[in-house]
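Welcome! Please take a look at the sequence and structure below, and then we can walk through a few parts of it together.

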Amino acid sequence: MVKEIEKTGIPVVHICTVVPISLTVGANRIVPAVAIPHPLGNPSLSFEDEKKLREHIVEKALEALTTEVDSQTVFE
Amino acid sequence: MKLELGKININQVVIGTESKIVDGTLHICDQDIISIVLEDDRIASCHVEIANPGDKTRITPVKDVIEPRCKVDSKGGIFPGVINKMDTVGSGRTHALKGCGIMTVGKIVGFQEGIVDMSGPGAEKTPFSKIINICLVVEPKEGLEPHSYEQAVRFAGLRVADYVGKLGHDVEPDEVMTYETKPLLEQIAEYPELPKVGYVYMLQTQGLLHDTYVYGADAKHIIPTILYPTEIMDGAILSGNCVSACDKNTTYHHLNNPVIEELYAKHGKEINFMGVIITNETVYLADKERSSDWTSKLAEYLGLDGVIITQEGFGNPDTDLIMNCKKIEQKDIKTVIVTDEYAGRDGASQSLADADKLADACVTGGNANEVIELPAMDKLIGQLDYVDVIAGGFDGSLREDGTIEVEIQAITGATNELGFNHMSAKGN
Amino acid sequence: MATFKVVHYINQFYAGIGGEEKADTKPFKEAKVIGPGMAFNKALGEDVEIVGTVVCGDSYFNENMETVLPEVLEMIRSFEPDLVIAGPAFNAGRYGMACGAVTAAVIRELDIPAVTGMYEENPGLDIYKKDAYIVPVGNSAATMRKAVPAMTKLITKLLHNEPVDPVVDGYVVRHRKNFVAEFRGARRAADMLVKKLNNEAFQTEYPMPEFDNVDPSPAIKDLSQTKIALVTSGGIVPKGNPDHIESSSASKYGKYDIDGIDTLAGTNYPDAKAYYETAHGGYDPMYANQDSNRVLPVDVLRDMEASGKIGELHRYFYSTVGNGTSVANAKKYAAAIAKELIADGVQAVILTST
């Protein structure tokens, strides 16, 4: 899915847990997520801490979108 | 470790007032079985139905299938650490009731319980149409939470299988097979000229409804470890999971693991079968990395020349499969992987979510997206309410006349990734 | 009289009518061998005879595909052939499209085999390979001498109703098809491993695919002026799954309006305006059902929108279920979604997967 959208010239950041799949399917900007059932959350945290964690991941994603890349890049 | 496996062929199952095995006929008292199921007060009701091969019967939603077995003149019981007390199994003698299975059926927990047809085109896709199924149709107490429901049904199936298995304790088996794997150094010394082969056994462990248990331990928390193959024949590994029906390994599959059987068949002739490395399929990337690091490390440590790697489920477990394959190949150990495919209904799409050129030897259980039409049956065991929403079903899967159009994904065991079936797929 | 009858489909150029200026030639048939058909007729031997040739101009075919295809099929049918040959088209794009369309339609509608030849980069190859038998050939007519025997080998087998295989018979894999093998999978795996250990030849049942990559799009310059859209394969939908997106092998995607929605509430939220959940059958749904922001971070992006960090969160999010959904379908949905996103002026996409 990432590739089809990226083809049109819109930058896509892929937030996903299984980075190797993302690399295999050809995403160019990749941000690792927490876990498959809750990529942008962690149920063991308090509501506030969990939202902070999510903010942090989205910040990373925005950083990826504003960074020029010339090949597949994982933003850890 | 040496195990004698006595096979008792069951040709008929009769419900009556007594439970016993006489001349290949298994008599069961359904009231006894129902009370075993209802020992767990999370289950509201249960009834027992028999489905025979060739019957015009549809069973759904099917959760697990378990072959009844019991330990004979040995310490420990079947399914150790779960329904019998913790003890190392895999040696001594075990009796198995061949040709029948305990099948748990009932309202779905998740999305991924399956369909078993006892005749017609659907029956050709599932191994369970060829055995007599003793179906436990259960109804949970209202409002029971899904984890709890799954566990209650899983335990009920195991308790009944244990009870029925014990009926074979004093019966003379029709055939006795002997399997033996020795401690590492002795096993290496026994066939020093043959290539040392291991089996990397991937267990689905992605959390609620996707779990597998090893001696009662939730396998998502294990670090890959080594088992004697015969331990698995005594129920060391059992299924607590509801991945898509087609490629979930039921407890029946674990007990009768075909890779272990085939490697034993070549043991001492073409290969030296050293043992089983079990590993998991988790939801965290770090866990995937750790587990595949360990399978490759253990394969190296055992001095293996080659391994077969089997998968359970699909999608991100394809990554676990490829990681295992890649890391083991990088240690100059040859691999064959066993998987299945999701190539789209027309078969024209890419089959796996992950791939690597080192995975150059692959066996497939077929394309799970292939669509099949299942004609209406005379009898239904379970309920049809869920056909449209189970994995492989779609809006309109169930037609008014009782015909069901689904992907074979919805059929229990159809594209098994242990290589249980004859089905494969090829470029056409 | 030959045992097998074959019809040959060619374009105006190979029929000797003319080049680009005659590309609008309407379809016609002749009960004889024309152009490259001679080479095929000879190579196929006395058992096989090309009984007729159907010709159509490449432009005419491509511009009138819907009406011309049934016409061409009818002409082919009139010869009562056992098999159809089209082209080969080499690297000619429109000719490749025509040859692909004709072979695919013959197989589908007339239920007889049909074979064409194309260069690997011919656009017709990707579009029609799943149905048509396409033999890879060189990129120009100069390679005709190699193309004919390669295609002939496959044609002969198909005429004799012999089983064919892309690897053995040298054609592009059409699709994966299930079949019942002689031995169960575990036995096949054990046999394959023994061969591999002994350094003997073995054949994998699934050759690993190669994934093609796309060039990265340029980075966003100013986030505060950027309209960002959310897309997920994690199956987040309004509670009740109004579009009935399947738990696995999704046949569709959903588009949901989040105008005025500040958070994708789940069961963890007592008094939300609207509730969300996941339709995905491939992972434990509990966490997403408690709080769908865990899959699609609407809450955080709304905050960033309010603070001016990002320009705007697009008013729709798109959702499908990645579980068991074929790559081809995922591609199709993404292409449709991308089209809408561009039309709506979206400048960046955050795509989340479970």
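The paragraphs below visit a sheet and then a pair of helices. Keep in mind as you look around that this is a predicted model.

Let's begin in chain B, with an open sheet of four strands. Reading across it, the order is E7-E8-E1-E12, and the pairing is mixed. At the edges of the chain B sheet you will find strand E7 (69–72) and strand E12 (175–180), each of which pairs on one side only. From one strand to the next, the twist averages 25°.

E7(B) pairs with strand E8 (residues 92–98) of chain B in the antiparallel sense, over four bridges. Within E8(B), His95(B) is the bridge partner of Cys70(B). Lying across E7 and E8 of chain B is helix H2 (residues 146–166) of that chain, which runs at about 55° to E7(B).

Next, let's go to a place where two chains meet. Helix H6 (residues 258–266) of chain B packs with helix H8 (residues 185–197) of chain C at an angle of about 45°, and their axes are 8 Å apart. H6(B) is therefore oblique to H8(C). Their crossing is right-handed.

Which residues of H6(B) and H8(C) meet here? From H6(B) come Pro258(B), Val259(B), Glu262(B), Leu263(B) and Lys266(B). H8(C) brings Ala186(C), Arg187(C), Ala190(C), Asp191(C) and Val194(C).

Note on methods
Residues numbered from 1 in each chain as written. Chains lettered and ligands numbered in written order. Predicted model: local features only at pLDDT ≥ 70, side-chain atom pairs only at ≥ 80, totals over all residues. Heavy atoms only, no water. Axes fitted to C-alpha atoms, helices over the stretch in contact; angles between N-to-C directions. Helix = DSSP H or I, 4+ residues; strand = E, 2+ residues; numbered from the N terminus. Parallel < 35°, antiparallel > 145°, perpendicular 65-115°, else oblique. Left-handed = near helix turned anticlockwise from the far one by under 90°. Contact = heavy atoms within 4.5 Å. Pairing = 2+ DSSP bridges.
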